[in-house]
Amino acid sequence: MTQPVPPGTGLTGFVTREAADASADPTEAERRQLDKAVELLAGRKLALLTGAGLSTDSGIPDYRGPDAPPRNPMTYQQFVGDPVLRQRYWARNHVGWHHLRHAVPNAGHEAVVHLEERGLLTGVITQNVDRLHSDAGSIRVIDLHGRFDRVLCLSCGAVYTREGIARLLERLNPGYLERVAADGDIAPDADAEITDTEGFTVADCPVCDGMLKPDFVYFGENVPKERVRLSYAAVDDAGALLVAGSSLTVMSGLRFVRHAAKEGKPVVIINRGQTRGDALADLKIDMGVGTALQYLARTLPDPAPQYGQHPGRHAD
Ligand SMILES: [Zn+2]
């Protein structure tokens with residue numbers, strides 16, 4: 001036992017502390033841009049798509065942001081096909097998880113809760129696995145790329161809490177965390193930059209001895225159909241799409257921008273740095289996501305009843 005920690009929130013095992021202060025006021029130039037966004041989005045319900053840029057204020061690095069080091073994430077095929085790579089992945093994930101679980105929502109997440117409470121959102125589609133939207137209190141959250149607080153058995157389909165598997169890994173690898181100084185950067189998928197992974201014992205499914213995998217959508221793996229369907233439904237129910245803190249590098253997120261644009265719905269992107277959706281956006285604002293969302297949450301007018309009420313669903 002190292003240090004006492006406050007009790008978790010129950011849902012995720014996250015520790016609750018006060019949110020980081022990411023609520024700086026926008027500059028004059030940023031405010032002019034944000035007012036254009038308000039003009040475009042006013043009276044419409046919004047589908048919100050969020051990415052790593054929203055969680056950087058919570059101390060979770062954005063591995064695709066402008067300052068991020070190049071990374072080479074493991075593919076699903078490598079994970080299931082190569083025991084050495086799998087061992088390395090689990091060792092790093094074990095260390096990374098202990099860091100990530102202490103992250104807390106920031107002012108951007110709080111602003112999203114406020115938008116939802118005001119009736120302005122049809123749903124939050126997030127590419128983040130950190131669960132910070134749910135920790136903050138958002139209700140209609142679609143964890144597009146999975147959840148870092150869960151582990152799946154690929155053989156019997158059992159679902160475990162990451163907390164429980166962490167205890168199992170600690171019993172299998174006594175003293176490992178203490179030996180490995182996790183002083184490198186830690187990616188949002190909890191893949192800590194450590195190299196001493198030889199001798200790490202990977203946990204098997206406690207029920208069937210099958211292969212365990214964190215509940216993330218890996219590169220080379222498809223997003224489960226139900227999550228895709230719910231995400232399209234959130235966009236279809238909305239009068240506009242707001243993207244916050246995603247560079248839209250992967251198609252799993254970009255397709256919703258394409259869908260909204262094709263339907264003639266306004267698309268507003270807030271992100272530091274270029275995104276793959278910029279050409280499809282009616283407005284792109286290059287600024288901090290937390291500040292922007294706070295501004296929108298207090299400035300957008302209430303939604304008009306005629307928008308976002310149609311029962312349409314995406315055909316797919
Ligand atoms: Zn199993």
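The legends below describe close-up views of a predicted model. Residues are numbered from 1 along each chain as its sequence is written. Because the model is predicted, local features need pLDDT of at least 70 and side-chain atom pairs count only at pLDDT 80 or more, whereas totals for chains, interfaces and linings use all residues.

**View 1. An open sheet of three strands, ordered β5-β4-β6**. The pairing in this sheet is antiparallel. Strands (E, at least two residues) and helices (H or I, at least four) are DSSP runs numbered from the N terminus, and two strands pair if DSSP finds at least two bridges between them. At the edges stand β5 (159-161) and β6 (212-216), each of which pairs on one side only. On average, neighbouring strands of the sheet are turned by 40° against each other, direction ignored.

**View 2. The pairing of β4 with β6**. Strand β4 (residues 146-153) runs antiparallel to β6 and is joined to β6 by four bridges. Val151 stands opposite Pro214 of β6.

**View 3. The crossing of helices α4 and α10**. The axes of α4 (residues 107-117) and α10 (residues 289-299) come within 8 Å and cross at roughly 25°; axes are lines fitted to C-alpha atoms, for helices over the stretch in contact, with angles from 0 to 180 degrees between N-to-C directions. The angle therefore makes α4 roughly parallel to α10 (under 35 degrees).

**View 4. The contact between α4 and α10**. Helix α4 contributes Ala107, Gly108, Ala111, Val112, His114 and Leu115, and α10 contributes Val289, Gly290, Leu293, Gln294 and Ala297; residues are in contact if their C-beta atoms, placed from the backbone, lie within 7 Å.

Conventions. Parallel < 35°, antiparallel > 145°, perpendicular 65-115°, else oblique. Contact = placed C-beta atoms within 7 Å.
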